[in-house]
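Here are my notes on the model you sent. Please read them with the structure open.

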Amino acid sequence: MYSTNPEVQRKSESVAAALMKYFEQNPSMKSPYDGMCYVASATLKKLVGYDVVLWKTRDNNNQFHWWCETNTGEVIDLTSKQYTDKNIESPSTGRAAKNKERGRILSFGSYKKKVDDLLEIIKNS
């Protein structure tokens, strides 16, 4: 379960399912989660708006990891498995979360296209 808010929960499940479908459509990807944290989080943010806040922090490889939190503090990390599947603490809930910074929607074309792709998958599901 991602959230006690039924709308946020439903949209989170939609984004999680879209991630899997996107992975199936892109055979060059190693996993549905690696490198997709911003895309999944930004997609959820676009779907639910002010019901969630984007956050980011550096992970064990000094790369940014992105997730959402509800206004009540529920952590919604749709790609945490990229860490937990490797027995690594997820930055969204581990010690790295203490250094979190508020995120924002990015304008980079490659990210925007992937967010749009996920939104299209959700729309067509």
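At what angle do helix α1 and helix α4 pack, and how far apart are their axes?

1. This is a predicted model. Helix α1 (residues 6–25) packs against helix α4 (residues 109–123) at about 110°. Their axes lie 9 Å apart. Angles of 65 to 115 degrees count as roughly perpendicular, so α1 and α4 are roughly perpendicular to each other.

2. Now the residues behind that packing. From α1, the contact uses S14, V15, A18, L19, K21, Y22 and Q25. From α4 come K114, D117, L118, I121 and I122. By class, this contact holds seven nonpolar, two polar and three charged residues.

3. Next, the sheet. It is open, has four strands and runs in the order β3-β2-β1-β4, with antiparallel pairing. The edge strands are β3 (75–76) and β4 (101–102). Each has a single partner strand, so one side of each is left without a neighbour in the sheet.

4. Strand β1 (residues 52–58) pairs with β2 through seven bridges, in the antiparallel sense.

5. Last, the largest pocket. Its volume is about 390 Å³. The lining has 19 residues, and D59, Q63, F64, Q82 and Y83 lie nearest the centre. Elements giving two or more residues to this lining are α2 (37–48), β2 (64–70) and α3 (81–84). By class, the lining divides into 10 nonpolar, five polar and four charged residues.

Terms used
Residues numbered from 1 in each chain as written. Predicted model: local features only at pLDDT ≥ 70, side-chain atom pairs only at ≥ 80, totals over all residues. Heavy atoms only, no water. Axes fitted to C-alpha atoms, helices over the stretch in contact; angles between N-to-C directions. Parallel < 35°, antiparallel > 145°, perpendicular 65-115°, else oblique. Contact = heavy atoms within 4.5 Å. Nonpolar A, V, L, I, M, F, W, Y, C, P; charged D, E, K, R; others polar. 1 Å grid on protein atoms, 1.4 Å probe; cavity = no way out; pocket = protein on both sides within 12 Å on 5 of 7 lines; lining within 4 Å. Points joined across faces, edges and corners; volume = space filled by probe spheres on them. Pairing = 2+ DSSP bridges.
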